[in-house]
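Reader: I would like to learn how to read a few features of a model. Please take them one at a time.

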Amino acid sequence: MTEYGTDVVGGVTPGKGGQVVDLPGRSVPVYDTMGQAVSETNADVTVIYVPARFAAAAIVEAADAFNEIKGEGLIVCITEGIPILDMIRCIAHISEMPGIRLIGPNCPGIITPGENGGCKVGIMPGYIHAKGRIGIISKSGTLTYEAVAQTMSVGEGQTTCIGIGGDPISGTGFIDCLAAFEEDPETEAVVMIGEIGGTAEEDAAAWAADNFSKPIVGFVAGATAPPGKRMGHAGAIISGGKGTAEEKFSAFEKAGIHIARDPSKIGEVLVSVLIEAGLREP
Amino acid sequence: MRIVERQTLSREGVNIHEYQGKALFREEGVAVQEGVHCTTVDQAMEAYDSLESKVVAVKSQIHAGGRGKGNLYCPDTGNLQMEGGVKIASSRDEVETYSKNILGNILVTKQSGPDGKMVNNLYIEAGCEIAHEYYLALLVDREKDAILVMASTEGGVDIEEVAETTPQAIHKAWTDSSGKLPMGADSAMADSLGLTGSSKDSFKEMLGRLVSMFVSRDCSMVEINPLVRTEDGAMIALDSKISFDDNASFRHPWRAEMRDMSEEEEVEIRANKSGLSYVKLDGNIGCLVNGAGLAMASMDVIKLYGGEPANFLDIGGGANKESITTAFGIILEDQNVEGILVNIFGGIIRCDMVARSIIDASREVGLSVPLVVRFSGTNHEEGRNVLEESSLEVTTVSTLADGAEAIVAATVGVDA
């Protein structure tokens, strides 16, 4: 992250407070608690890699520290496999803190490419990105990278790419991200990557139809997944006529979202959408 | 309003049998009838004697729902053995006949898939005088970030049908930030089910116990269909369908004993042990991908290019030489596989590591089908060089589309 340009100011590992960690180009202190770390460094963001069984508690600790000390903060949780009820408790806790935002868990994180490097909070390969005008939101990890590669293949860079994670219970959702991209003057179009399971894509499509003014290109992974089978992500399950790729694609179309049924054609669809919107020369 | 079906069909959680669920209910103080778990016809008849109930239910124990309306088939001849996987018996002889027709036979239900499941376990349960059948379920509502309780007066039937035809007959309540139902929600739900007097009291008590059990045991679903009101006003859970959240298994060691391996795919268990997530499908193109979303997208693209994926396989973020070798072995066990597409978008995973693992794995498992490798992301050039400098016969590509096209072309060649 520091190599990419992220301003890492410290780390937290209980019991290792007082140590110093050497990162490329700098050395940063380690604290025992998030409270100490936020007080001492005035950090705005934390990224959590804590093992699954302790991760929800780590999110709560971070939320409390940000909330008490600064009244706001961004928490990015990469950890996969957090118990569902831990996350329900965790979301209930932070939902009472309006200044706290959680991205994830089970996600690659968030990246905002700059002219030279940028700000990366997560585990994505930074070098595949470039500063540009496309916002990317995705439930999946590596498929987010694929979407980035697709935009790059047609000469488009990104404003911000957000992996929201594929777990049944998570923080920031599609609608939160769309709302942020609507506000962001640098974002001119959005690529939205969904997955089978749940109704988040349908809800986002309905919201976008009324509230989102910029063009969206949408893809949903899992058209070939058989019903009732778990496809790796805890959330990626379809059954009984709700949460299928087909239903999500048609919800997208109904909302005026331009769909790419072939994920390897996301770039192509994006180009035609930009041309149609008068944002790119034919 | 199809959330029930979604959850019921899903394999998201760790499933247990009805008799195990009822043992948990008993421990938690949720009212159930007396019952005995059996694995032989003799045990079933002894159970009938011990229950001292003239009428008993003889119930097939498999993880799929729809047992009552399922059919039993002989595994050797494929002939229909008996209609209905749950039978009401009113004599010792009937218990014997039904048990013989169930144990060792294949039960096919709406939810079991066409191959059905061999029935090795039986539950003999005392009968009761039923005044009315209700439906009750607790599950995780991913849209509301809470536990959802659903109840209906239309119990004992296909709840999906109720949801479809008369959604107003399904009553719902959600837990609040304390993890409990809001004050009065249990009473309101009892009222909407038309329960009064002692029935209302026992429903409220049962609901409270179920919510705390859901939380303390990290369930992902508890479904009781039917929940019955007896002639004397008691509320009894006549069925139990429980799934646990596997992510929380570390804090529930007791679950290990409840796991019925015969209900799970052996190869999927083996894949899991190596940190792989594998699901067998019916096509001829094996896939090896990092990330669940990208793995599904790879399957989708193969299909769009005219091929059929043979499997879903996510090697996960912690893949190494051993797990990749295991992955190749598992893919090649499937006799239908005529070609393999490897699609890696390196992030934490380095493509050069995957490349070396592929070379080692192909030697170890004796790779005999066309192989197409797409590398992108972290160290993709190094990965490509490693493959190209090796003696391995492999087509390397840089995009997903090229990869799908190449593997479909290669496997069509095999067919011709």
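Reader: Which residue in S3(A) does Gly11(A) stand opposite?

Author: Gly11(A) stands opposite Val30(A). This is a predicted model, in which local features need pLDDT of at least 70, side-chain atom pairs count only at pLDDT 80 or more, and totals for chains, interfaces and linings use all residues. Residues are numbered from 1 along each chain as its sequence is written, and chains are lettered from A and ligands numbered from 1 in the order in which they are written.

Reader: How do S1(A) and S3(A) pair?

Author: Two strands pair if DSSP finds at least two bridges between them; strands (E, at least two residues) and helices (H or I, at least four) are DSSP runs, numbered from the N terminus. S1(A) and S3(A), residues 26-31, pair in the parallel sense over two bridges. They belong to an open sheet of three strands in chain A, ordered S1-S3-S2, with mixed pairing. Its edge strands are S1 (11-12) and S2 (20-23) of chain A.

Reader: At what angle do H6(A) and H7(A) pack?

Author: Two packed helices are described by the angle between their axes and the distance between the axes. Axes are lines fitted to C-alpha atoms, for helices over the stretch in contact, and angles run from 0 to 180 degrees between N-to-C directions. For H6 (residues 200-211) and H7 (residues 245-254) of chain A, the angle is about 5° and the axes are 8 Å apart. The two helices are therefore roughly parallel (an angle under 35 degrees).

Note on methods:
Parallel < 35°, antiparallel > 145°, perpendicular 65-115°, else oblique.
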